[in-house]
Amino acid sequence: TWVTELPVQLCKLVSITHLDVGLNNLEQLPDCLQELTMLGWLGLNWNRIAEFPAALSRLRRLRTLLVDSNTRMARLPSAFGGLVALEFLSAKNRRLQDVMELGNLPKLRRLNLEQNELNELPEMMMLNILVCRFNRLTALPLLPQLHHVDIAHNRISSMPLLPSTLRGTLEINCNPLRLTPEHLSWLNISLLIVSSDQISAFPEQKFVIIIADCDDEMNRVLYN
């Protein structure tokens, strides 16, 4: 049986550090969640939550928050700005159009915003891993600590300014972007994923290139 609301008795478990109430029918969260001040991990995937209470900002030890597939919410509330310890947020398969509050999270390092309706992202000074495929991005903001980025299936038409810290994977296939060797010559990445129509000449760098076309009919690996 799917749970439609959380019992207030749950809020008396003030010492719990991990709470997973995913795969239910929750439409709202009780304000008393603020009493769970030891909570470090909160899973809310696959519910019907449209709005988070302001009390959520009181969870000052929360490091991981999973809110995938809550499709009734179009923007992250201002309460998110109070999650000062948050390091990992996953908000896939939603209808998010505004996530600018994420710029107020000083410790955010891992972010998954796959399959939303985002046109822009805020600057995030400590972010290491960004997955934001299947959105509407036309550019990337300042992300000076980025190690891995997946921005496939967006609307990016010019090469983003990427930091020297980017040493892992760059996934940029299925964007209206034409890459030249000059675009890639300064990158220190280990893996590049592009569409076949984005690249005509390969750079001399020793990284792996995967050709991944948008229709997924061709998927081959080339070694420089």
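This is a short tour of the structure above, one selection at a time.

**Before you start**

The model is predicted, so local features need pLDDT of at least 70, side-chain atom pairs count only at pLDDT 80 or more, and totals for chains, interfaces and linings use all residues. Residues are numbered from 1 along each chain as its sequence is written, and side-chain values use heavy atoms, with hydrogens and water left out.

**Stop 1: the whole chain**

Show the cartoon. The protein has one helix and eleven strands. Helices (H or I, at least four residues) and strands (E, at least two) are DSSP runs, numbered from the N terminus. Along the sequence the pattern reads β-β-β-β-β-β-β-β-α-β-β-β. Along the principal axes, the C-alpha atoms fill a box of roughly 60 × 30 × 25 Å.

Of the 224 residues, 52% count as buried. Buried means under 20% relative accessible area, exposed means over 50%, and partly exposed lies in between (1.4 Å probe, protein chains only). A contact means heavy atoms within 4.5 Å. Among contacts with a separation of 6 or more, residues 24 or more positions apart account for 15%.

**Stop 2: strand β9**

Select residues 191–194, which are β9. In a regular strand the side chains alternate between the two faces of the sheet. Both faces of β9 are covered. Leu191 and Ile193 are buried on one side, and Leu192 and Val194 are buried on the other.

Strands pair if DSSP finds at least two bridges between them. Strand β8 (residues 169–171) pairs with β9 in the parallel sense over three bridges. Look for Thr169, which stands opposite Leu191. β10 also pairs with β9 in the parallel sense, over four bridges. There, Val194 stands opposite Ile211.

**Stop 3: Gln198**

Move on to the loop between β9 and β10 (208–212), where Gln198 is found. Is Gln198 buried or exposed? Its relative accessibility is 1%, so Gln198 counts as buried.

Show the side chain. It reaches the backbone nitrogen of Ser195 at 2.7 Å. That is a polar contact: a pair of N or O atoms within 3.5 Å, where within protein one must be able to donate a hydrogen and the other to accept it, and residues adjacent in sequence count only if both atoms are side-chain atoms. Leaving aside residues up to four places away in sequence, Gln198 touches Ile172, Asn173, Cys174, Asn175, Leu177, Arg178 and Leu179.

**Stop 4: the disulfides**

Select the cysteines. How many disulfides are there? The count comes to two, a disulfide being a pair of cysteine sulfur atoms within 2.5 Å.

Cys174 is joined to Cys214, S to S 2.2 Å. The link is left-handed, with -135° about the S-S bond. The pair links distant parts of the chain, 40 residues apart: Cys174 is in the loop between β8 and α1 (181–184), and Cys214 is in the loop between β10 and β11 (219–223). Cys174 is buried, with a relative accessible area of 10%. Cys214 is partly exposed at 47%.

Next, go to Cys11 and Cys32. Their sulfur atoms are 2.0 Å apart. The torsion about this S-S bond is about 55°, so the disulfide is right-handed. Cys11 lies in the segment before β1 (18–20) and Cys32 in the loop between β1 and β2, so the pair ties together parts that are 21 residues apart in sequence. Cys11 is buried at 6%.

With the bonded cysteines numbered in sequence order, the pairing is 1-2, 3-4. Cys132 is in no disulfide, and the nearest cysteine sulfur, that of Cys174, is 15 Å away. At 0% relative accessibility, Cys132 counts as buried.

**Stop 5: the rings**

Select Phe52 and Phe80. Rings of Phe, Tyr and Trp (its six-membered ring) pair if their centres lie within 6.5 Å; planes under 30 degrees apart count as stacked, over 60 as edge-to-face and the rest as tilted. By this rule there is one aromatic pair. The ring centres of Phe52 and Phe80 are 5.6 Å apart and the planes are at 75°, so the pair is edge-to-face. Phe52 is in the loop between β2 (41–43) and β3 (64–66), and Phe80 is in the loop between β3 and β4 (88–90), 28 residues apart. Phe52 is buried at 4% relative accessibility, and Phe80 is buried at 0%.

Finish at Phe88. The charged end of Arg110 sits over its ring, 4.0 Å from the centre. A charge sits over a ring if NZ of Lys or CZ of Arg is within 6 Å of the ring centre and within 35 degrees of the ring normal.
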